[in-house]
Amino acid sequence: MSELPLTLSQHYHERTKYDPATLAQRGRTLNFAEQPSPYKNYPVGSHYDLKPYLKADVEPQSPLARLSRLLYFSYGITAAIPTPNETFYLRAAPSAGGLYPAEIYVIAREDAILPPGLYNYQVLTHTLCHFWSDQVWPAFESACLWHPALRATPLALVVTSVFQRSAWRYEDRAYRRIFLDSGHLLGNLELAATLNHYRVHLLGGFIDADLNQLLYLDDREEGAIAALALADLLEINQNLPHYPPALPSPTQTNFPDIPDGDLLLQCYQSSQIEDPTLVYRQHQDLLPKTDAYNFAFCEKIPTQVEPIGWQDPSLEETIHRRRSTRRYTGEAIDLDALLKLLDFAYHPEQSMEQGFDGSPDFFDLSLIETFIAVSAVNGLEAGCYYYAVQAQELRQIRFKQFRAELYRLCLHQELGRDAAAVIFHTANLQAATERYGDRTYRYLHLDAGHLGQRLNLAAIQMGLGVSGIAGFFDDQVNEVLGIPEAEAVLYLTTIGQPPRQP
């Protein structure tokens with residue numbers, strides 16, 4: 001651990017780590033009568049029904065049809081599971097524990113396809129609730145530090161999180177999970193946009209208090225996570241340059257003792273941006289991406305591969321039938337399949353010929369590292385590998401069969417033991433905090449969730465099983481896999497063979 005004083009985000013990460021010696025002592029019984037509703041209701045406002053625009057006989061290129069499909073294939077209801085007490089609805093984007101903390105708001109300028117004002121996407125009914133009808137765009141631009149994309153785009157989205165939906169179950173560690181879940185949603189928004197001739201320009205830097213106030217949010221309960229300018233690619237003036245989405249917040253190293261239960265909210269509020277002089281700059285100001293680790297004398301496996309073909313099933317079909325796998329058979333997957341997953345997640349430029357965005361917005365992928373524990377991949381020795389994204393190669397770190405250790409690391413979940421491969425997203429928290437302050441914790445987990453969702457969809461498209469894991473023994477991951485101590489583990493994605501359908 002660094003001798004420098006811990007920042008608040010580093011303190012949070014250390015304090016919310018799971019450890020085998022203490023996790024059992026923290027066990028508690030959930031009171032399901034106290035579980036927050038995953039749906040937000042407005043007592044006032046008019047509703048715009050988007051369901052008719054999903055019908056096959058509707059012109060798919062009509063503006064409202066495109067917006068309807070964008071929202072549906074990003075976060076809409078894709079399945080219903082009856083239970084003794086109620087029906088549980090699954091959504092297009094996965095969420096830890098099915099808690100769905102994220103909300104989507106639509107902001108319309110006066111020349112948009114909708115009347116100007118504020119809308120909440122009502123997931124359960126696939127409608128837009130127009131809860132505020134005044135002109136709000138100038139205040140929105142100001143809150144978003146006058147991002148250049150907002151000058152040309154008449155529609156924007158804001159993703160928020162209702163904190164208690166996740167904290168009810170996961171307590172303070174829910175701060176990690178709400179950003180991972182929101183990252184899944186950002187991944188869907190980015191891909192669903194391509195299906196509907198939109199491009200989402202991601203905005204991670206905004207004056208939090210102003211944006212929350214604009215949306216009439218109580219930021220002790222719900223807060224803005226990300227904003228997105230929705231550019232219509234069928235309009236020439238909305239084919240816009242790209243800007244890095246991340247801006248820094250202050251860094252706190254002198255903070256009081258924070259009691260359990262208050263840590264999540266304290267981290268959210270302390271990572272807010274207040275400086276109205278910050279500005280977005282074009283991509284040439286970003287640092288070049290490099291591969292952080294080049295292990296001496298290690299075996300190196302090239303990862304160049306033909307990209308996934310998205311014709312059958314299509315991306316739309318894949319999003320609709322995506323489910324988190326609950327069990328793996330333990331059987332092997334092919335090396336080509338693993339490489340295609342990595343290619344789709346990390347090299348979107350390979351899929352441009354199929355109509356995908358070749359350079360989608362992430363906050364800062366140069367901060368994310370990827371390690372893979374291989375248990376059963378045909379053509380690849382069992383062990384731990386570093387994925388060198390820029391060199392496009394796997395670099396072997398350790399030679400070992402990790403199934404037993406993965407079972408323990410994943411809190412004794414059989415998914416870890418029986419997966420063919422487990423992909424670990426990590427980051428050097430100290431280096432990331434030096435770049436973006438305490439807000440970096442948001443960016444890292446949002447990007448990890450975004451990558452995880454691209455892996456999810458690629459796996460489902462190829463008939464594999466996939467499931468993300470956000471609960472693990474943090475320090476033991478580094479120790480067992482031989483990952484450098486400085487790498488904070490953010491997220492795990494398990495890949496494997498699902499049980500065969502009868």
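How many nonpolar, polar and charged residues does the lining of the second largest cavity have, by class? By class, that lining has seven nonpolar, one polar and one charged residues. The model is predicted, and the values in this report are computed from it.

**Cavities**

The count comes to two cavities of 30 Å³ or more. The table sets them side by side.

| Cavity | Volume | Nonpolar lining residues | Polar lining residues | Charged lining residues |
|---|---|---|---|---|
| Largest | about 50 Å³ | four | one | two |

The lining of the largest cavity consists of Leu 186, Glu 190, Val 200, Leu 202, Leu 228, Asp 361 and His 450. Two elements, α6 (174–195) and β8 (198–203), each give two or more residues to this lining. Under the class rule, Asp and Glu count as charged, and the lining of the largest cavity has two charged residues; Glu 190 and Asp 361 are among the residues that line this cavity.

Around the second largest cavity, the lining is made up of Tyr 75, Ala 93, Pro 94, Ser 95, Tyr 100, Pro 101, Ala 102, Asp 181 and Leu 185.

**Helices α5 and α6**

Helix α6, which contributes to the lining of the largest cavity, also packs against another helix in the sense of axis distance: the axes of α5 (residues 163–170) and α6 come within 9 Å. These axes cross at roughly 130°. That angle makes α5 oblique to α6. The crossing in which α5 passes α6 is right-handed.

**The seven-stranded sheet**

An open sheet is formed by seven strands, in the order β10-β15-β14-β12-β16-β18-β17. The pairing in this sheet is antiparallel. At its edges are β10 (300–302) and β17 (465–469), each of which pairs on one side only. On average, neighbouring strands of the sheet are turned by 25° against each other, with direction ignored.

Strands of a sheet pair through backbone hydrogen bonds, either parallel or antiparallel. One pair in this sheet can be followed to the residue level. Strand β12 (residues 368–374) and strand β14 (residues 383–388) run antiparallel and are joined by four bridges. Which residue in β14 is the bridge partner of Ala 373? The partner is Cys 384.

Technical notes. Residues numbered from 1 in each chain as written. Predicted model: local features only at pLDDT ≥ 70, side-chain atom pairs only at ≥ 80, totals over all residues. Heavy atoms only, no water. 1 Å grid on protein atoms, 1.4 Å probe; cavity = no way out; pocket = protein on both sides within 12 Å on 5 of 7 lines; lining within 4 Å. Points joined across faces, edges and corners; volume = space filled by probe spheres on them. Pairing = 2+ DSSP bridges. Axes fitted to C-alpha atoms, helices over the stretch in contact; angles between N-to-C directions. Parallel < 35°, antiparallel > 145°, perpendicular 65-115°, else oblique. Left-handed = near helix turned anticlockwise from the far one by under 90°.
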